[in-house]
Amino acid sequence: MTASLGRRVGGGHALAFVGAALLLAAAPFVLLPYPLTLLTLALVFGLFAFGLDLAWGRAGVVSIGHAAFFGLGAYGSAIAAARDVPMVLGGAAGVGIAVLVALGVGLAGLGRRALPSTMAVLTLALTLAMSQGARSWTWLTNGTNGLVVLSDSGVVGTYYRTAAIVLVTVALVWFVVLRGALGRRFVAIRINEQRAEHLGIDPRRTKIVAFLISAAVSALAGAVAAPVIGLVSPSAAGIVMSTEVLVWLAVGGLGTISGAFLGAGLVTIGDQLLGDVLGSWYLLMMGVVFLLVVRFAPEGLVGLARAALRRPLRERAAGGALLEPVGASLTPRPAAAGSSEPAIGARDVEKGFGAVPVIQGVDLTVAPGEVVCLIGPNGAGKTTFLGVLAGEHRPERGTIWIAGDDVTTRAPHERARRGLGRMFQIPSVFLDLTPRQNLAIARSEGLHPPVPLPLYDRFDSDTMLARDLSLADRRALELAMVLSWGPEILLLDEPAAGLSHEDSIELARTLRDVAERTGCSLVAVEHDMEIVREMADRVVVLADGRILVEGSMDEISAHDEVRRAYLGVS
Amino acid sequence: MESLVTFGLAVLHLFGFYALLAVGLGLVFGQLGVVNVAHGEFVMVGAYVMYALDAVPFVLRLALAVGVGLVLSLLAEWTILRKLYSRGMLATLLAMWGLAIVLRQVAEAVFGATPRSVPFPVQGSVDVLGVRYPTYRLLVAVVSLLVVGAVLLVIYRTSLGLKLRASIENRDMAAVLGISPRVMIAGTFAVGTTLAVLAGALNSPTLGLTPGLGVAFLAPAFFAVLMVRPGSIAGPAVGALLVALLSSLLRTYFTETVADLVFFAALVVLIAVRPAGLSWRLPSWLTRSSERVA
């Protein structure tokens with residue numbers, strides 16, 4: 001526990017926390033009641049923006065109707081207060097309902113195949129429905145007049161209570177979620193969902209969890225806000241509020257705690273100072289500012305400040321998540337020898353796209369530690385077959401096993417958790433992270449201790465982003481990630497494409513060596529016969545979606561039908 | 001019988017309105033891969049143009065509204081969206097939402113938040129199978145459907161439409177064949193949003209004009225797009241018919257709030273069941289391959 005505490009909380013963080021706590025504690029002694037009320041308001045709105053940021057800034061889940069959750073919390077408090085029920089209970093009920101609603105919306109809108117903009121439409125419809133409900137169910141909400149919430153503890157008391165709740169909530173969420181495995185997975189999913197999935201992270205679940213936490217924090221902000229605002233009306237759940245929180249967050253800076261509070265603070269104070277003078281022109285101005293921020297400064301004020309202060313690249317890339325390799329309790333790899341179970345198997349697999357059959361009944365089993373190369377002419381179905389093995393395509397017929405388990409209907413991340421690693425034709429790495437952080441994510445999600453290889457050393461660097469690596473380097477980084485993740489089976493799609501001759505021979509030897517040392521099975525699609533000869537225990541020739549012949553390289557190259565079909569020898 | 005005719009006429013009117021919206025939304029979605037969250041605001045713009053220029057004859061005003069829609073959408077595409085496509089769909093989506101905020105607030109700043117109304121250009125009612133129905137509503141429904149038909153005809157039967165479809169299907173390949181992606185994107189956005197402006201302008205007499213009137217239309221229009229095969233251009237019109245039916249049914253039997261909630265629940269269920277749109281044919285490889293590309 002203390003070790004985890006030490007890892008998650010740096011000296012700077014502790015200092016920032018103590019500083020914030022002291023400043024908040026001192027504020028009532030220097031501020032007059034009116035500015036103090038403003039500060040209280042800014043704090044709850046900041047918490048609301050922080051809540052939205054957990055979904056939007058951290059996990060990349062869009063919500064343009066987040067006030068629906070804020071409103072649920074606020075109405076929870078207000079309805080309780082109106083009926084002489086303790087406000088805490090009402091607020092808690094509001095948070096609970098918000099989480100349930102978010103679960104429904106998230107399950108639908110964040111599904112595997114949902115369009116990315118679905119969440120935008122859903123959340124917009126949600127906020128409209130919420131404010132409509134608040135307007136028309138007058139027996140509960142008192143309609144458009146709203147419910148008056150009286151605070152019994154005076155300006156200073158309300159302030160301290162609010163500040164304490166906000167500080168504790170932010171610190172807790174930061175420590176438990178953002179600095180933990182979840183925070184790391186949020187980053188992974190946001191930057192490269194495909195890679196995250198093939199490292200065993202469930203994209204759907206991660207996003208839904210982010211959305212749930214986000215809804216809970218936003219509802220909590222609403223519950224706390226009710227006595228501060230004093231009047232809870234349908235607009236608390238409505239479209240204007242939803243829009244405003246987006247503006248706060250965008251202006252302040254996505255993916256940062258300081259950005260959420262800075263944006264909320266600036267706009268709230270600006271609203272009080274200018275809102276009366278400018279009226280609806282103030283909101284128009286905010287809209288224009290929002291457009292300008294989206295267009296010219298997508299990282300917001302905090303992002304601009306960080307760029308100006310030249311914060312280290314890795315810090316900006318990680319956005320507060322802890323991306324350091326963990327020496328967690330990884331189970332050592334089971335002894336490869338002696339196991340008679342095939343590492344991965346496919347029986348009678350058929351897969352077509354529309355009317356075009358691509359795989360027409362393939363049987364293949366790969367023993368632990370075996371290296372199988374798939375060769376065949378273009379259009380033979382090699383890449384599709386790898387996709388079927390990895391779970392990207394669901395076959396129309398047939399079965400896939402990993403270590404004895406039927407995984408035919410399993411999603412890619414579930415197969416990954418069973419030890420199936422995947423390398424792509426176009427390398428898939430976390431482009432917006434440094435190479436070192438890429439490796440750190442892979443290791444933190446790892447199944448087994450990494451295979452010791454000299455390959456990792458060159459990527460132990462924080463000086464650039466993976467985006468700036470050349471194609472060959474990205475491929476090497478992908479390989480390093482997948483190997484340090486500790487796969488039991490590795491699928492490779494043309495690992496040597498784009499490499500020089502020497503490099504590809506070198507790569508083939510490394511792969512061979514890994515397979516021999518760790519018992520990891522390899523299934524590789526490869527065109528270069530020299531590499532195939534170097535690596536393969538067994539060569540499988542695919543043609544027209546069927547296995548034409550399989551055997552050692554010598555047997556294959558002597559085979560007449562192969563020479564005709566593949567090598568073009570008549 | 002009478003109530004059935006009344007119901008049918010109500011559905012027809014809504015169908016015309018949502019068909020204009022959904023076809024436009026579907027076009028922009030097909031071309032940009034992003035739902036235009038400002039779509040409803042363009043409806044609002046159309047309605048307010050009709051309100052603001054009330055001295056101008058009605059038909060001329062419609063033409064002016066279409067002109068305003070074209071200029072506004074081209075301007076928005078050129079100044080805001082164009083630079084953002086490369087930053088991914090989230091940036092485009094947010095920029096459209098920013099545009100929606102600005103449009104709403106401009107309307108509020110200029111016209112205020114109090115509801116406004118536009119007088120009917122055609123008074124009176126006609127007799128349809130024994131039911132008196134306002135002439136203007138019937139006229140609007142017919143005109144809307146004719147416009148949708150004309151747009152689909154252009155898209156499916158002219159070389160310009162062919163280019164547009166090619167660009168939606170595979171922008172890079174179309175570009176290699178000399179179809180400028182920039183022109184096609186700007187053109188699609190302009191046509192799609194102008195259809196929404198036209199819908200707002202045509203229906204302005206039957207709508208209560210407030211700056212926020214458009215936001216409620218996005219979800220039904222999106223629903224219509226999701227009801228049909230993904231990527232289909234004519235499909236959303238069919239989806240619009242289903243949406244018109246559903247929402248008329250709900251409005252007949254429930255209060256407005258409950259109808260809205262049920263509609264929302266139906267949307268959630270639809271998305272949960274068919275996240276990438278309903279394909280009425282069984283497993284379509286199109287949906288999967290488009291998912292891979294995205």
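Colleague: By class, which residues make up the lining of the largest cavity?
Modeller: Four nonpolar, two polar and two charged residues. Bear in mind that this is a predicted model.

Colleague: Which residues are they?
Modeller: From chain A, the lining has A:I239, A:V240, A:T243, A:E244 and A:L283. From chain B, B:I101, B:R104 and B:Q105 line the cavity.

Colleague: How much space lies in the largest cavity?
Modeller: About 60 Å³.

Colleague: What lines the second largest cavity?
Modeller: A:T243, A:E244, A:V247, A:V267, A:L283, A:M286, A:G287 and B:I101. The elements giving two or more residues there are α12 and α14 of chain A, with α14 spanning 280-296.

Colleague: How do the residues of that lining divide by class?
Modeller: Five are nonpolar, two are polar and one is charged.

Colleague: Switching to the sheet. What is the strand order of the open sheet in chain A?
Modeller: β4-β3-β6-β7, four strands with antiparallel pairing.

Colleague: Which are the edge strands?
Modeller: β4 and β7 of chain A, where β7 is residues 405-406. Each of them pairs on one side only.

Colleague: How many bridges join β3 to β4 in chain A?
Modeller: Eight. β3(A) covers residues 344-353, β4(A) covers 356-366, and the two run antiparallel.

Colleague: Which residues in β4(A) are the bridge partners of A:G345 and A:G352?
Modeller: A:G345 has A:T365 as its partner. For A:G352, the partner is A:P357.

Colleague: What about the connection? How many residues lie between β3(A) and β4(A)?
Modeller: Two, and the strands form a hairpin. In the turn, A:G354 has a positive phi of about 65 degrees.

Colleague: What holds paired strands together in general?
Modeller: Strands of a sheet pair through backbone hydrogen bonds.

Colleague: And where do the side chains point?
Modeller: In a regular strand they alternate between the two faces of the sheet.

Colleague: Last one. Which strands does helix α17 of chain A lie across?
Modeller: β3, β4 and β6 of chain A. The helix is residues 382-390, and β6 is 397-402. α17(A) runs at about 120 degrees to β3(A).

Terms used:
Residues numbered from 1 in each chain as written. Chains lettered and ligands numbered in written order. Predicted model: local features only at pLDDT ≥ 70, side-chain atom pairs only at ≥ 80, totals over all residues. Heavy atoms only, no water. Pairing = 2+ DSSP bridges. 1 Å grid on protein atoms, 1.4 Å probe; cavity = no way out; pocket = protein on both sides within 12 Å on 5 of 7 lines; lining within 4 Å. Points joined across faces, edges and corners; volume = space filled by probe spheres on them. Nonpolar A, V, L, I, M, F, W, Y, C, P; charged D, E, K, R; others polar. Contact = heavy atoms within 4.5 Å. Axes fitted to C-alpha atoms, helices over the stretch in contact; angles between N-to-C directions.
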